[in-house]
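The report that follows is meant to be read slowly, with the sequence and the 3D view side by side. It moves from a pair of helices to a single residue, and then on to the sheet.

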Amino acid sequence: MGGSVLVGLDGTGNSVPAVRWGSEEAAVRGLSLHLLHSWVSQPLHNPIAQEAANKQRYGAEVLGAAEAMALELHPGISVTTEQVSEQAVDALVDRSGRVTMMVLGSRGHGAISGFLLGSVSLHVLGRATCPVVIVRGEEGAAYGRPEIVVGVQEAGTQGEAVLDFAFAAAEAHQASVRAVRAWEPPALVGRAPTALTPSPDADEPAADEEKRLVDILAPWRSKFPAVHVIEHVQRGRVAAVLLGACSQASLLVVGRRMQRTPMLLGPVVFAVLHHSPCPVAVVPRI
């Protein structure tokens, strides 16, 4: 299973776009595809008996159909399947340390925080040690648009895993990288606006942020010389800027801090997962 693309299957239609996306990623990157299903975590609304044997039989059918779909889409890839008796979250988190990435499907857009993705996806996103890609049911074929958007807010080693994932994906898919850095001016305490025109130094923060982004990207330009890079610096809140930038993208890549408490995922990650028009890759960073 090492180095593979792992797709978690829940036995519903949510798995179809995840299998489609994961099989293409495996084919493009030259990796194997591993399909995993937990028969003890099957949705309650499935019309199956409660006996373990029937649940396992249903799980085998889910895996068989997913394998057939993947091989039909990409006949040359290597596909393995695994049905487990562990809870889905535990199984996926355990295997996250042995794969290149994980792909999960979700139900689609919704207004209620915490229920959009389902409890399995949310818990896996918060605990997995590999990048996790969330693909919604209404999203089409993978990489329909040749641009990958990546949020660049951290300098140094904290942002390396995020940038490495984005640039490697862009190189594999011959896509460009739009590196997005959002900034907000410091709050002015005790001062009322007195002028209608900006001060002479109003553009200095933006120029500083642009220089900072150039410096952060320099090693990645050298490591991936074939990848076209678009530098995108914009004033505004991080989530809003990222969502605006990814309206025409094939993938949005964001980072999450490991071992966050009490929330496993930060507000920016929550916002883009719920509102992004494209698949979202959440990459753990130290």
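Two residues are said to be in contact, or to meet, when heavy atoms of theirs lie within 4.5 Å. The model shown here is a predicted one.

**Two helices that meet**

Two packed helices are described by the angle between their axes and the distance between the axes. The axes of helix 1 (residues 15-29) and helix 5 come within 9 Å, and they cross at roughly 75°. Helix 1 and helix 5 are therefore roughly perpendicular to each other. On the side of helix 1, the residues that take part are Glu-24, Glu-25, Val-28 and Arg-29, and in helix 5 they meet Phe-165, Ala-168, Ala-169, Ala-172 and His-173.

Helix 5 spans residues 160-173, and Leu-163 is found in it. Is Leu-163 buried or exposed? Because its relative accessibility is 4%, and buried means under 20%, Leu-163 counts as buried. When neighbours within four places in sequence are left aside, Leu-163 is in contact with Val-150, Val-152, Ile-216, Leu-217 and Trp-220. Gly-151 is 12 residues away from Leu-163 along the chain, and the C-alpha atoms of the two are separated by 8.5 Å.

**The sheet**

Strands of a sheet pair through backbone hydrogen bonds, either parallel or antiparallel. In this model, an open sheet of 10 strands runs in the order 3-2-1-4-5-10-9-6-7-8, with mixed pairing. Strand 3 (79-84) and strand 8 (229-235) stand at the edges and have a single partner strand each, so one side of each is left without a neighbour in the sheet. From one strand to the next, the twist averages 25°.

Within this order, strand 6 (residues 147-151) pairs with strand 9 in the parallel sense over three bridges, and Ile-148 has Leu-251 in strand 9 as its bridge partner. Helix 7 packs on the sheet, where it touches strand 6, strand 7 (176-183), strand 8 and strand 9, and its direction makes about 155° with that of strand 7.

**Around helix 8**

Helix 8 (residues 267-275) has Val-269, Phe-270, Val-272, Leu-273 and His-274 as its buried residues. The elements against which these buried residues pack are listed below.

| Element packed against by helix 8 | Residues |
|---|---|
| Helix 4 | 119-127 |
| Strand 5 | 132-136 |
| Helix 7 | 238-245 |
| Strand 9 | 251-257 |
| Strand 10 | 280-285 |

Note on methods: Residues numbered from 1 in each chain as written. Predicted model: local features only at pLDDT ≥ 70, side-chain atom pairs only at ≥ 80, totals over all residues. Heavy atoms only, no water. Buried < 20%, exposed > 50% of the residue type's maximum accessible area, 1.4 Å probe, protein only. Helix = DSSP H or I, 4+ residues; strand = E, 2+ residues; numbered from the N terminus. Pairing = 2+ DSSP bridges. Axes fitted to C-alpha atoms, helices over the stretch in contact; angles between N-to-C directions. Parallel < 35°, antiparallel > 145°, perpendicular 65-115°, else oblique.
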